[in-house]
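Subject: Structure handover

Hi,

Here is the structure I promised to pass on to you. Please open it first, and then read my notes below alongside it.

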Amino acid sequence: MNIGIIGAGSMGSGIAQVAATAGEEVMVFDTNATAIEKAGASLNKVFTRLVEKQKYTQQEADDILGRISFVDSMELLENSDLVIEAIIENLEIKQTVFSKLETIVSDKCILASNTSSLSIASISSACKHPERVIGIHFFNPAPLMKLVEIIPSITTSHSVTQLSKQTIDSWKKVTALVKDTPGFIVNRVARPFYGEALRIYEEGIADFATIDAAMKEIGGFRMGPFELMDYIGNDVNYTVTETVFTSFYFDPRYKPSFTQKRFSEAGLLGRKTGKGFYEYSENASRPKPSEDEELKRHIFDRILAMLINEAADAVFWQVASAEDIDLAMRFGTNYPKGLLAWCDEIGANKPLSLLENLYQTYGEDRYRPSSLLRKMAKENASFF
Ligand SMILES: NC(=O)c1ccc[n+]([C@@H]2O[C@H](COP(=O)([O-])OP(=O)(O)OC[C@H]3O[C@@H](n4cnc5c(N)ncnc54)[C@H](O)[C@@H]3O)[C@@H](O)[C@H]2O)c1
């Protein structure tokens with residue numbers, strides 16, 4: 001297949017690497033010559049390292065790199081079978097790009113966006129043939145993260161959805177089919193991992209290190225919420241939460257945190273600035289978590305219940321199937337288990353009664369249990 005990619009930034013060049021590694025011919029277009037230069041140099045560096053690590057022979061690396069070309073004119077994408085757009089997250093600019101692209105490529109070409117926060121419907125509305133527009137959402141870094149969300153909009157044709165899924169599956173990715181709704185699966189279902197952790201901190205129940213330790217030691221998560229927010233960047237993570245919150249008409253479940261906003265405003269963004277919830281200088285010491293096992297169990301149970309509720313609610317609203325939601329959380333965020341499989345393991349009654357307690361204690365809509373979770377508990381049913 002001929003794959004076109006628009007945008008040679010971190011996502012565009014990562015997607016180019018994935019596609020070319022899978023044997024596709026890839027053409028990457030960017031308006032910025034410096035971005036093209038940087039992407040080319042960084043791909044060369046990546047493959048030099050992969051050859052050193054003996055993941056590829058020099059010949060294989062040369063062949064993969066030989067399949068990627070960089071161009072400075074969109075017209076050169078004319079022979080593409082699939083174009084994936086990964087430019088700046090701005091609706092008007094994306095719409096302009098899509099309506100121009102449509103005049104360049106053949107009628108059969110699929111037009112995909114890698115957007116994280118815009119609706120596919122709003123992007124496709126700029127096209128004469130919205131039935132061939134779809135969301136193909138990779139995670140960062142694209143070569144390492146296995147998950148790709150496939151997002152047909154209400155106007156996308158069934159055949160475009162099928163072909164997009166088949167193509168990305170053939171690139172050895174795990175695909176999850178998801179409705180064109182805010183945050184898709186991962187950026188929606190993962191919100192309580194950060195939000196409830198921040199809330200527990202803000203209430204003074206525990207410090208960052210103890211909350212992180214609870215999730216890692218008891219839950220087996222690779223990183224605690226505060227470590228992960230520092231890794232993602234407090235600015236980026238805050239913006240995703242705020243966007244999801246706004247898109248859900250201010251549902252209190254997604255309410256952003258002042259703590260994270262202040263960290264972000266103060267430039268304490270995390271690893272990239274050397275300081276966030278933790279320090280990242282060479283000699284920095286890590287605060288010790290509490291050894292209160294009961295406290296840590298309470299923290300873990302509360303965050304897990306919120307996560308399970310979010311996953312169950314996404315099934316309830318038919319955002320995606322239970323299978324795809326669990327796949328998405330395992331491969332898009334590296335959770336140790338799927339949240340719905342986790343619910344089956346502990347029984348729906350446990351998170352339900354925890355949420356009912358929180359709801360009673362705080363009287364806040366944030367803690368309302370999903371009606372599907374209630375139903376599952378009542379019927380003693382399981383997701384799988
Ligand atoms: N970074 C992430 O973690 C991540 C994850 C998933 C999805 N996304 C989405 O992927 C997209 C790209 O994100 P990124 O982080 O790679 O951005 P980036 O800033 O690294 O790269 C964007 C590139 O697009 C180019 N560009 C801008 N306008 C253009 C135009 N009109 N035509 C051609 N090229 C143009 C820029 O020169 C730049 O090189 C966004 O929609 C973002 O929401 C990002």
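Before anything else, please keep in mind that this is a predicted model.

Let me start with the overall layout. Where the two meet, nine residues of domain 1 are in contact with seven residues of domain 2. On the domain 1 side, strand S7 (147-152) and strand S8 (174-177) are the elements that give two or more residues, and S8 gives the most, with three residues. By class, that side of domain 1 has six nonpolar, one polar and two charged residues.

Next, the ligand. There are 24 residues around it, and those that come nearest are Gly-7, Gly-9, Met-11, Ala-35 and Asn-140. Helices H1 and H4 (91-104) each supply at least two residues of this shell, with H1 giving the largest share, three residues. The shell divides into 12 nonpolar, 10 polar and two charged residues.

Covering residues 33-52, H2 has 20 residues and reaches 29 Å from its first C-alpha to its last, close to the 28 Å expected at 1.5 Å a residue. Its buried residues are Ala-39, Leu-43 and Phe-47. Seen down the axis of H2, these fall within an arc of 60°, so they line one face of the helix. They pack against helix H1 (10-21), strand S2 (25-29), helix H3 (58-66) and strand S3 (68-71). The face turned away from that buried side carries exposed residues, among them Thr-34, Asn-44, Lys-45, Arg-49 and Glu-52. H2 is followed by Gln-54, which has a positive phi, near 60°.

Now compare helix H14, residues 322-332. Eight of its 11 residues are buried, so H14 is largely enclosed by the rest of the structure. The buried residues are Ala-322, Asp-324, Ile-325, Asp-326, Ala-328, Met-329, Phe-331 and Gly-332. You will see that two of them are Asp-324 and Asp-326. What covers the buried residues of H14 includes S7 and S8, the strands named above for the domain 1 side that touches domain 2. Helix H7 (186-189), helix H13 (293-316) and helix H15 (339-346) are also part of that cover. Just after H14, Asn-334 takes a positive phi of about 60°.

Which residues is Trp-342 in contact with, leaving aside its neighbours within four places in sequence? They are Leu-304, Ile-308 and Lys-337. Trp-342 is found in helix H15 and counts as buried, with 20 C-beta neighbours inside 10 Å. Trp-342 and Met-145 are 197 residues apart in sequence and 22 Å apart in space, C-alpha to C-alpha.

Glu-379, in the segment after helix H17 (371-378), is exposed, with 9 other C-beta atoms within 10 Å. Glu-379 and Met-145 are 234 residues apart in sequence and 36 Å apart in space, C-alpha to C-alpha.

Happy to talk any of this through.

Best wishes

Terms used
Residues are numbered from 1 along each chain as its sequence is written. This is a predicted model: local features need pLDDT of at least 70, side-chain atom pairs count only at pLDDT 80 or more; totals for chains, interfaces and linings use all residues. Helices (H or I, at least four residues) and strands (E, at least two) are DSSP runs, numbered from the N terminus. The expected span of a helix is 1.5 Å times one less than its number of residues. A residue is buried if 20 or more other C-beta atoms lie within 10 Å of its own, exposed if 12 or fewer, and partly exposed in between; C-beta atoms are placed from the backbone. The arc is that of the directions from the helix axis to the C-beta atoms. A residue is near a molecule or strand if its C-beta atom, placed from the backbone, lies within 6 Å of it. Ala, Val, Leu, Ile, Met, Phe, Trp, Tyr, Cys and Pro count as nonpolar, Asp, Glu, Lys and Arg as charged, and the others, Gly among them, as polar.
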